[in-house]
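Keep the viewer open and try each task before you read its solution.

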Amino acid sequence: VQLQASGGGLVQAGDSLRPSCAASGRIFKINDMRWHRQAPGKQRELVATITRGGNTDYADSVKGRFTISRDNTKNTVYLQMNGLKPEDTAVYYCAADVQHGPNYEFEYWGKGTLVTVSS
């Protein structure tokens, strides 16, 4: 299974971006999908989570600005980022809990996409 993230870039403060992450390979079902980020010199942090049924959860730092969504038919997760701030600058990683059978689930990670927000 591979997760391919795209849609990062260099933007100015206040702008928007919508990175996406598509999973491919031998997939029975994808349960939770997540976006994490790691800023320079900082630990990786969980940004947003979405269940297969569409329930979402967000880090306090992005609530009201970021929206996570998914398309189960395309095994793809999105992160709509509005009102970007310089402190949102980070490499954004997607992760997915992929079910390979009735009782076997494994977490996969993408390689990340860089988001840079200038002031």
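A residue is called buried under 20% relative accessible area, exposed over 50%, and partly exposed in between (1.4 Å probe, protein chains only). This is a predicted model, in which local features need pLDDT of at least 70 and side-chain atom pairs count only at pLDDT 80 or more, while totals for chains, interfaces and linings use all residues. Residues are numbered from 1 along each chain as its sequence is written, and side-chain values use heavy atoms, with hydrogens and water left out.

**Exercise 1.** Find how many salt bridges the structure holds.

Solution. Begin with the criterion: a side-chain nitrogen of Lys or Arg must lie within 4 Å of a carboxyl oxygen of Asp or Glu. With this rule, the structure holds six salt bridges.

**Exercise 2.** Describe the pair formed by Asp 97 and Arg 34.

Solution. Step one is the distance: the closest N and O atoms of Asp 97 and Arg 34 are 2.8 Å apart. Step two is the location: Asp 97 sits in strand β9 (residues 90–101) and Arg 34 in strand β4 (residues 29–38), so this pair links distant parts of the chain, 63 residues apart. Strands here are DSSP runs (E, at least two residues), and they are numbered from the N terminus. Step three is accessibility: Asp 97 is buried at 13%, and Arg 34 is buried too, at 10%.

**Exercise 3.** Work out which parts of the chain Asp 88 and Arg 37 tie together.

Solution. First, Asp 88 and Arg 37 form a salt bridge whose closest N and O atoms are 2.9 Å apart. Next, Asp 88 lies in the loop between β8 (76–81) and β9 while Arg 37 is in strand β4, so the pair ties together parts 51 residues apart in sequence. Then check burial: Asp 88 has a relative accessibility of 0% and counts as buried, as does Arg 37 with 5%. Finally, look around the pair: Arg 37, Glu 45, Arg 65 and Asp 88 are linked in a network of salt bridges.

**Exercise 4.** Is Asp 60 buried or exposed?

Solution. Start from its partner, Lys 63, whose closest N–O distance to Asp 60 is 3.2 Å. Lys 63 is partly exposed, at 47%. Asp 60 counts as exposed, at 64%.

**Exercise 5.** Where is Asn 75 found, and what is its phi?

Solution. Asn 75 is in the loop between β7 (66–71) and β8. Its phi is near 50°, a positive value in a residue other than glycine. With a relative accessible area of 22%, Asn 75 is partly exposed.

Note on methods
Helix = DSSP H or I, 4+ residues; strand = E, 2+ residues; numbered from the N terminus.
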